[in-house]
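I opened my notebook to look up how this structure is put together. My entries follow in the order in which I made them.

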Amino acid sequence: MRSLIKGFVAVSIVSTGFLCGLTGDVLHGFVQNPHTGALIPTVPAARVARLLAPAAAHAADGDDAGLPPADTYVSVLNILQSDYYNVGAPATAKAVKPAPDTTRLTYAAIDGMLATLNDRYTEFWTPKEYRDNMQETSGNFVGIGAQLDLTKTKQVIIIKPIENSPAIRAGILPGDIIVAVDGRAITGMDLTKVVELIRGPEGTSVRLTLQRKAKTGSFDVTMRRAVVHSPIVDYRMEDPVNKIGYISLQMFNEQADQQFDEALARLEAQGMKALVFDLRNNPGGLLNIAQDLASRFVDSGAIVWVKQKNGEMSSLDVKPDKHRSSLYKGVYPVIVLVNGNSASASEIVSGAIQDSGAGKLLGTQTFGKGLVQTIFPLDSGDSAVKITTQHYFTRNKHDINKKYDANNKQIGGGITPDYVVEFTDKDFDAQKEALRNDPQNRDAVNKLDPQLQKADQILRDQLAGKTTPAVAQQAAKS
Amino acid sequence: MTTNDREHRTGRGAAEGVRSESRRKRGGGAIAFVSGVTVATAAAMAVGAQVAHRVPAAATPIVSTAENFTGTVSAAAAPASANAQVAQATPVNGRPGRSSANDPILDASAGSSALDDDESLGTTADKRTFESVYDLVQDHYVDTLPNDTKMAHGAIRSMIASLADPNSFFLDPDQRALLDDESKGKYQGIGAVTTIRGIKQPEGYTEYKIFVVDAIPGSAAEKAGLKPGDVITHVDGKWVLGSDPFLKANKLFDKIRDHDPDDEDAFRKEYESARKRVLGGVGLQSAQMQLRKGIGDKHDLTIQRPGVAAPIKVALTTSQIEAEPVSVRRAPDGKATVIKVNLLTDKAPAAVKTALAGIRTRGVVLDLRNNPGGGIVPAQQIEALFAQNRAFAVEIGHNGKKSKLAASSATATPPRPLVVLVDKGTARTAEALAQSLGEAGVATVIGGRTFGDGMAHTLYSLRDGSGFMLTTGKLLSPRGLDWQALGGITPQVALASGASEEEVLAKAESVLEHPTQAVAAAAPAATSHTGAVAGAARP
């Protein structure tokens, strides 16, 4: 939620597009860096064949009265360009109304065509959307690597410098206030604008003027901008006394497993005896990453079952080489926090953990998205289309996809946690208020999180030899 | 239809050079899926006008010659008008059609091929993008896809909606059938001709409203007292959504995201109210469509009437009516014949001609009050009955080119003193007819200021029975009067709006007796009006 992660330089606060989906694979040779776009994306062979085939074959498929979409679109596009009197557009000097923009019309046509599929996950990405989404998938950006926020008095504060970033190497500390960027005062400026000023091409320099509580006056720090991995994992020893560790994962991008491993290793090095794994508000991400990550928790067998277009079911199994610690042996108890915004890849991982008994789930019913999308880059215009290509089922072959009755009312879907614990709007508001009063005090914020507190309590009880009746809670819920 | 379609495609292909080659291959040389049937135009008739503004050799668009029109008028009786009728009575202005180009040169307009050359590279990439997406979902989408026609409809609907022009819209086959019937004078629903107009708001967006142009005689709308210029604000208790209620919420959201978290509560409130508005509202087009269909359904409307502060609520029951385009009667004192033209359907000219043939009076009153217009061609033909070979209107097309439209070449009846009656319900091609007769000097236009709508729309047909309406130009009078910009045509002799029917006709008869005196008396107003017109028309 916004209050907890807002102000990332890296990730837009309100994420869009890609994050709503689980992605099977990207048919793209260079996902890591879509910006070095000189490469031509590899086009699947089937598609090449399709493109080369005479489209007359297409027309023959349909009956005569039908409208082949591509030809119809071309005909209408031509008419719009040659005949449309562009009412809204201001006329040019010679009273000529400009013809409507072909690219815009084309994108609208594609959106409209895909809308008839009635599947919100099959969607077209404009070049800009594609670039933005790929940046989120790769988890990289160019900048100094600091997480920013606004204080109550509307000053720009550094919440946290990101590990391995220019900011942390320059000695920037949490709580530093930014006064100016490259000598330009930023008082009263929008946060996005400040971020824009700080960002720039890789290798160039930026100078921040900072204020720090311990120092009088302001001081300058100059940094060279570099590629930074957005932090998507947050971790801490939640309960240092009982050695209960906490790891949260924001999305399943290409940095997820590596960042998770680092966090896990550090907590285990501190003698962790129980783990809270937070997948709340995690909208999903890459399918192979979900498989890899679940392999850290589950001993063997299927992680997820995937059903192809042709009806074939196949499983994606635990990868033994992804057992990074003894976590998979069940040496310490695990509770996974989930909620209604835990979707797709989050549901695969939490489903595998629940089905295999590797841990318990706590929170509220998950989102309910049992669909896998594939991203197909298009060779014309750097755009892409994301298509739902597979259905998936959990390790025990539960279909968790949302279902609706005739009145469009949802009648199922999602995973029911072992322990149902609500997080109310009131809890959210209280947390937000605490955060705004003191962005640095994470403890105060965490104390106001009923789901986390309940998980801590259950784990403490468990470590002390007591048990909490999970089944009873679940029965009460259903 | 097929012939026309094929011609259309071939013609277009010629203009597009290389691109057409690949397209022809793909299409198997078959059929274009869109034929440009024109609102309100006898298709064959259109050829004449098409020549006027499509032949590149002609440096200036020419007024169609008498021969052109003779040829086409006789052809108008031929089956070509099957299409034309579709649009005929569709209550919008029409323009010459594109489907009937039986000479490829007609489509090889210099203007559009230049455009194609400039954009061909980008356009080709766009087309490939569309095809790739279609092919990819065919190959990879996990569930069953909708059929091709449904997907094509989705594409066109969205493409046309993206123009953000509420008078350009897609029509599924059912809706298309309704419009076809309207073009023949057969109305369902409340029986009112409506139009959508945008009003720019100071906040930087456009608020659209549904305006009543006219209630059709005998319709539910007429019985309920709907008047030209009324705005329909609610249908069955639902808001007619004329703008995006989320616009304001989005602005607030940008503010809190970037700058001021204190506005979050304001945003939540605004968002909630926008959501309620959307849930409790009905879209412009769907409201308009609801009102033009159904027999025996009950609707509650809320109306905003200019000059009336309180909203007016009316309840009506939809019905089907077939409006007679023309009715004839004698004026009370018997000196003039009143020919009332209710609609400009393609039956109207013949009816007017018959009426004129049987006339026993010296003077004629052509009553265009409460006439929402219709096709261009019927209007041209009616003009020709009174003023042969005179200019009818000037159409400004998308490329800024002005095309002159002439009165058709129908045999004119012997000249008679003529008065044209207009009022606030005189709209579109009816306005064009009134103004052109006035400018030709054959009639005195009397009455109230007209509705003020000069947009030309064309109805295009797709071969599965669906179609789309497109704004394709704007009509000006032969002298360049932009009556839309002026908010209507000011008659040469003004009549008080509250005048009784007897007073109106008495005035008409007195003008018929002494036309020059009447106009001279009204001269000061007329002159200043003309001055304003000249300024407006040639900026």
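**Entry 1: domains of chain B.** I looked up the domain assignment of chain B, which gives domain 1 (1-185 + 324-539) and domain 2 (187-321); such bounds come from an automatic or database domain assignment. The contact between them takes 15 residues from domain 1 of chain B and 16 residues from domain 2 of chain B, where two residues are in contact if their C-beta atoms, placed from the backbone, lie within 7 Å. On the domain 1 side, the largest share, 3 residues, comes from helix α8 (residues 173-183) of chain B. Helices (H or I, at least four residues) and strands (E, at least two) are DSSP runs, numbered from the N terminus.

**Entry 2: conventions.** I noted that this is a predicted model, in which local features need pLDDT of at least 70, side-chain atom pairs count only at pLDDT 80 or more, and totals for chains, interfaces and linings use all residues. Residues are numbered from 1 along each chain as its sequence is written, and chains are lettered from A and ligands numbered from 1 in the order in which they are written.

**Entry 3: a sheet in chain B.** I traced an open sheet of 6 strands in chain B, with the order β12-β13-β14-β17-β18-β21 and mixed pairing; two strands pair if DSSP finds at least two bridges between them. Its edge strands, β12 (326-330) and β21 (493-494) of chain B, each pair on one side only. Inside chain B, β13 (residues 336-341) and β14 (residues 363-367) pair in the parallel sense over 5 bridges, and T337(B) stands opposite V364(B) in β14(B).

**Entry 4: strand β12 of chain A.** I then asked how many residues of strand β12 (residues 244-249) of chain A are buried. The count is 6 of the 6, so β12(A) is largely enclosed by the rest of the structure. A residue is buried if 20 or more other C-beta atoms lie within 10 Å of its own, exposed if 12 or fewer, and partly exposed in between, with C-beta atoms placed from the backbone. I244(A), Y246(A) and S248(A) point one way from β12(A), and G245(A), I247(A) and L249(A) the other way.

**Entry 5: partners of β12(A).** I found β12(A) paired with strand β11 (residues 233-239) of chain A in the antiparallel sense over 6 bridges, with L249(A) as the bridge partner of V233(A). With strand β13 (residues 274-278) of chain A, β12(A) runs parallel, joined by 5 bridges.
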